[in-house]
Amino acid sequence: MDLRDGVKTADNKVSSETKKLSEFVRDRSKSLVDRLESYEDIINLEVGDTGLHRAKTMEREFDIRQLYIKYEGDNPTGTQKDRIAFAQIYDALRREFQVVSLATCGNYGVAVALAANLAGIACKIYIPESFHTDRIVEMELLGAEIIRKPGSYEDVVKESSELAKNNDWYDANPGGANTALQISAYSQIATEIFEDLGDAPKYCAVPVSNGTLFAGIYRGFVNLYKRGKTSRIPKMIAASSSKKNPIIQSFIQGLDYCKDLNPEIIKETKYNEPLINWHSFDGEEALYALKESDGEAYNISDRKLKDMTALLAKKEGFRILPASTAGLIALLELDEKMNFEPDRFVAVLTAKN
C-alpha cells in the first residue's frame with residue numbers, strides 16, 4: 001500500500017471557495033494588493049474561530065465546574081500552527097518572496113506547506129534526522145521539499161535560518177523577527193475565548209514548547225483587559241513534558257530568565273515530541289506571562305498524556321494528540337490540589353490525533 005493512500009492533500013483540506021481564491025492569489029499578473037486581499041479572505045475562511053466546548057462529562061468525572069475545551073484541531077491541518085503559518089505566508093507574500101523555509105518536528109511544517117501551497121510560494125522544510133513524523137507525506141503532497149539534517153531541532157532551526165539568509169528566502173522559523181507576528185496571531189485565541197464566554201476565564205491552561213502560543217494567548221487577554229473588555233486577566237497554566245522544557249523548569253526553579261537545558265538529557269518519544277526542547281525560542285516571553293499572571297507550571301509524564309487522550313476520546317469524543325493534553329492535565333491537577341471555587345476554566349487542546 002502506498003503511504004500516500006488516504007492522506008489528505010490541499011484539495012480536500014480546504015473549501016472550494018478557498019481553492020478559487022488560491023488560483024487568484026497564484027496569478028502573478030494580478031496586482032499584489034488584490035492578491036493580498038484574496039489571501040486575507042482565505043485566512044478568514046479557513047483559520048481560527050475554533051470551537052469552545054463545555055466538557056460536562058469531564059466536569060462530572062473530576063468534580064470541576066464549567067470546564068471548557070478550546071479545540072485547535074478545528075484548524076485546516078488540525079493544529080494551532082495554522083494560525084502562525086498563514087500569518088507568516090501572508091507576510092512573505094506581501095514582501096514578494098518566492099521561497100519560504102523553516103525547520104519543523106511535524107505540525108508546523110504541514111501548516112506552512114498548506115499556507116504556502118495556497119499562496120503559490122515554494123516551501124523548503126528542514127527536519128532533524130532523528131525525528132519521526134507521519135506528516136512528512138502530507139508536506140510532500142502539498143508541494144514542499146523535505147530536507148533531513150543531523151542534529152537537534154534547535155540545531156536545524158539555526159542552520160535553516162542561515163540558509164534562508166544566504167539564499168534570500170523567507171525565514172518562517174520561530175523566534176527573532178517572527179516573534180511579534182506569531183504572538184499577535186496567537187493572541188486571537190484569547191479574543192475568541194472572550195467572545196464565547198463574555199469574559200476571561202479564571203484559569204487558562206496551555207501546552208508549552210517554544211512558548212509562543214502561551215505568550216500569545218496571555219498577550220491577547222492583557223490587551224482585552226486594558227481595553228475594558230474583560231473584568232480580569234486569567235491565571236495562566238503552562239505544562240510540558242517532564243523536565244524536558246526550559247520554560248517549565250526555569251519557573252519551577254524560580255529563575256528570572258529562561259535557562260537552557262542540557263541537550264543530552266532531552267529524549268523524544270512518540271508522546272512528548274511536540275513539547276520537548278533544550279532551548280525555547282520565545283521562552284522569555286512565556287516566562288514573563290507565567291509570572292505576571294500569577295500562574296503555575298507543571299511537568300507531565302508520557303503516561304498521563306496517553307491516559308488523558310484515551311479518557312477524552314471516551315468521555316467527550318475528542319481525538320486529541322497526546323502532547324496537546326498537557327495543559328488540561330495540569331489544570332485538573334491544580335484543581336485537585338486547590339479545590340477551585342465554581343468559575344470558568346479553559347484548557348487549550350492544540351492538536352487532533
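Here are some notes on the strands, a helix packing and the nonpolar cores of this predicted model.

1. Ground rules. This is a predicted model, so to speak: local features need pLDDT of at least 70, side-chain atom pairs count only at pLDDT 80 or more, and totals for chains, interfaces and linings use all residues. Residues are numbered from 1 along each chain as its sequence is written, and side-chain values use heavy atoms, with hydrogens and water left out.

2. The six-stranded sheet. An open, mixed sheet runs in the order β1-β2-β10-β7-β8-β9. Strands (E, at least two residues) and helices (H or I, at least four) are DSSP runs numbered from the N terminus, and two strands pair if DSSP finds at least two bridges between them. At the edges sit β1 (51–54) and β9 (296–300), each pairing on one side only. From one strand to the next, the twist averages 20 degrees.

3. Inside that sheet. β7 (residues 203–207) and β8 (residues 235–241) run parallel and are joined by five bridges. Have a look at Pro207, which stands opposite Ala239 in β8.

4. A helix across the sheet. Helix α9 (residues 179–197) lies across β1, β2 (67–71) and β10 (345–349), at about 135 degrees to β2. Axes are lines fitted to C-alpha atoms, for helices over the stretch in contact, and angles run from 0 to 180 degrees between N-to-C directions; contact means heavy atoms within 4.5 Å.

5. Strand β4. Six of the seven residues of β4 (residues 122–128) are buried, so the strand is largely enclosed by the rest of the structure. Buried here is under 20% relative accessible area, exposed over 50%, and partly exposed in between (1.4 Å probe, protein chains only). β4 pairs in the parallel sense with β3 (residues 99–103) over five bridges, and likewise with β5 (residues 145–149) over five bridges. Ile125 is the bridge partner of Leu102 and stands opposite Ile146 in β5. The chain goes from β4 through helix α7 (residues 136–141) to β5 in a right-handed β-α-β crossover, meaning that, with the strands pointing away from the viewer, the path from the first strand over the helix to the second runs clockwise.

6. The cores. A nonpolar core is a set of buried Ala, Val, Leu, Ile, Met, Phe, Trp, Tyr and Cys residues joined through side-chain atoms within 4.5 Å. The largest has 79 residues, of which Tyr39, Ile89, Val100, Phe214 and Ile217 touch the most other members. Helix α6 gives the most to this core, with ten residues. Leaving aside neighbours within four places in sequence, Phe214 contacts residues including Val206, Met236 and Leu290. Apart from this core lies another of 31 residues, among them Leu275 and Ala326.
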